[in-house]
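User: I would like to go through this model with you at the level of single residues and secondary structure. Could you take my questions as they come?

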Amino acid sequence: MKLPHRLRLLFWETTAGCNLACIHCRRLDVATEMMQNDLSLAESLTLVDQLASLGRLILVLSGGEPLIRGDIFEISRHATDKGLIVALATNGTLIDRAVAEKIKGSGIHRVAVSLDGADRSTHDDFRRQPGSLAAALAGISHCRASGLSLQINCTVTRHNLHQLDQLYQLGLECGAEAMHFFMLVPVGCGMSIADSHMLQAGQYEEVLNWIYTHSQEGKIFVKATCAPHYFRVVNQREKMKKRGQGESSSEPHSHLTPSFSAFTRGCLAGTDIAFVSHQGDVFPCGYLPVKAGNIRETPFPEIWENAPLWQGLRETDSLKGKCGACEFKNICLGCRARAFYQSGDFLAEEPYCVYEPKRRKVEIRSTKSEIRNEEGL
């Protein structure tokens, strides 16, 4: 079967159950245990087999909290044996030494633990669970002791914006191999905190530049996630370095720098990645609630190949507003989930980007000139 786009990364919400109640959760209905409509073990193994038929891709077992599933290690072992690269995205609070050894024995390649504050109050308030930072750090320690590859995920909002340097240092102290800084996407519970926690566009730009600067230190792999115009920032900063200038040209590079060879472009929703919910719904990503199909009704490979939803996401000419006019659109695309949140149209322009496309500036100047001519000015 020849697929129009090769799936590289599949995020699977293995359960909606979770032992925490984070204020930014993509879900509104979170239980403290597995939910009745979670995919069964048999359905889960079938999904794994279908994914394996698409080639050697990365499968991220997330939730909720995936460690709530008693069969999660059976699932991960099956996926590993099928040739998939398996990662576990967890809040870390349920990992003791025995669990860490089970994670390692199941073939999981990397464990990603979320740290959303550099101190107890900042992290625990965000996760709405006293002691969650201490428990997560203990879980990290057990993962390191078991020789597991560790990644730190951090959701950046106004609540921890002042702690970025401390969080970066904490990641180094934890012995993590990578730090992924997620820009908040307002979906689920996150919609209720959008006004109070979302970064302003200018702050967003500052954070992306901060991430780029720290990525150049080489101490740890640093990545911006759910931040597609980071690729535009990288492009501009690299040109500044090469030219030794204080300002960069707005013309994009034809390729990214070697240190970014593992990346392709910004928003990968529906082109390189997909998301499967706990009940089998398939979405472009976990933050864009527009359904392409359900694996209980249609095999995943068929959805990935044929769902009409993908068409707009896979053609950059479909983008609207300043994203459609932007010279960086083929390496950025803007966040389709934020566009959907803001306008109800996932092809609309990215609402949290300060960059004005070169063509757009020309069009604005031309329009102003025409108005002045008509008024005789």
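**Contacts, strands and helices**

Analyst: Leaving aside neighbours within four places in sequence, S62 is in contact (heavy atoms within 4.5 Å) with W12, E13, T14, T15 and A89. S62 lies in strand β2. At 10% relative accessibility, S62 counts as buried; buried means under 20% relative accessible area, exposed over 50% and partly exposed in between, with a 1.4 Å probe and protein chains only.

User: What kind of model is this, and how are residues numbered?

Analyst: This is a predicted model, in which local features need pLDDT of at least 70 and side-chain atom pairs count only at pLDDT 80 or more, while totals for chains, interfaces and linings use all residues. Residues are numbered from 1 along each chain as its sequence is written, and side-chain values use heavy atoms, with hydrogens and water left out.

User: How many helices and strands does the protein chain have?

Analyst: The protein chain has 14 helices and 10 strands. Helices (H or I, at least four residues) and strands (E, at least two) are DSSP runs, numbered from the N terminus. Of the 377 residues in the protein chain, 55% are buried.

User: In what order do the strands of the sheet come?

Analyst: The order is β7-β6-β5-β4-β3-β2-β1-β8-β9-β10, in an open sheet of 10 strands with mixed pairing. Two strands pair if DSSP finds at least two bridges between them. β7 (221–225) and β10 (293–294) stand at the edges with a single partner strand each, so one side of each has no neighbour in the sheet.

User: Which way do β2 and β4 run relative to β3, parallel or antiparallel?

Analyst: β2 (residues 58–62) runs parallel to β3, and 4 bridges join them. L59 stands opposite V86 in β3. β3 and β4 are also joined by 4 bridges and run parallel, with L88 opposite V111 in β4. The chain passes from β3 through α3 to β4 in a right-handed β-α-β crossover. Right-handed here means that, with the strands pointing away from the viewer, the path from the first strand over the helix to the second runs clockwise. β2, α2 and β3 likewise make a right-handed β-α-β unit.

User: And how do β8 and β9 run?

Analyst: β8 (residues 273–276) and β9 (residues 281–283) run antiparallel and are joined by 2 bridges. F283 in β9 is the bridge partner of F275.

User: Back to β3. How many of its residues are buried?

Analyst: In β3, 5 of the 6 residues are buried, so the strand is largely enclosed by the rest of the structure. T90 is in this strand and is buried, at 3% relative accessibility.

User: What does the side chain of T90 make a polar contact with?

Analyst: The side chain of T90 is joined to that of E65 by a polar contact of 2.9 Å. A polar contact is a pair of N or O atoms within 3.5 Å; within protein, one must be able to donate a hydrogen and the other to accept it, and residues adjacent in sequence count only if both atoms are side-chain atoms. Not counting residues up to four places away in sequence, T90 touches E65, L67, I95, V111, A112, V113 and S114.

User: Let us turn to α3. Which of its residues are buried?

Analyst: V99, A100 and I103 are buried in α3 (residues 97–105). They cover an arc of only 100° around the axis, which puts them on the same side of α3; the arc is that of the directions from the helix axis to the C-beta atoms. Their cover includes α2 (72–81), β3 (85–90), β4 (110–114) and α5 (132–145).

User: What happens at the ends of α3?

Analyst: D96 caps the N-terminal end of α3, with a side-chain oxygen 3.2 Å from the backbone nitrogen of A98. G107, which follows α3, has a positive phi near 90°.

User: Where is the cis peptide bond?

Analyst: The peptide bond from G63 to G64 is cis, with omega near 25°. G64 is in the loop between β2 and α2.
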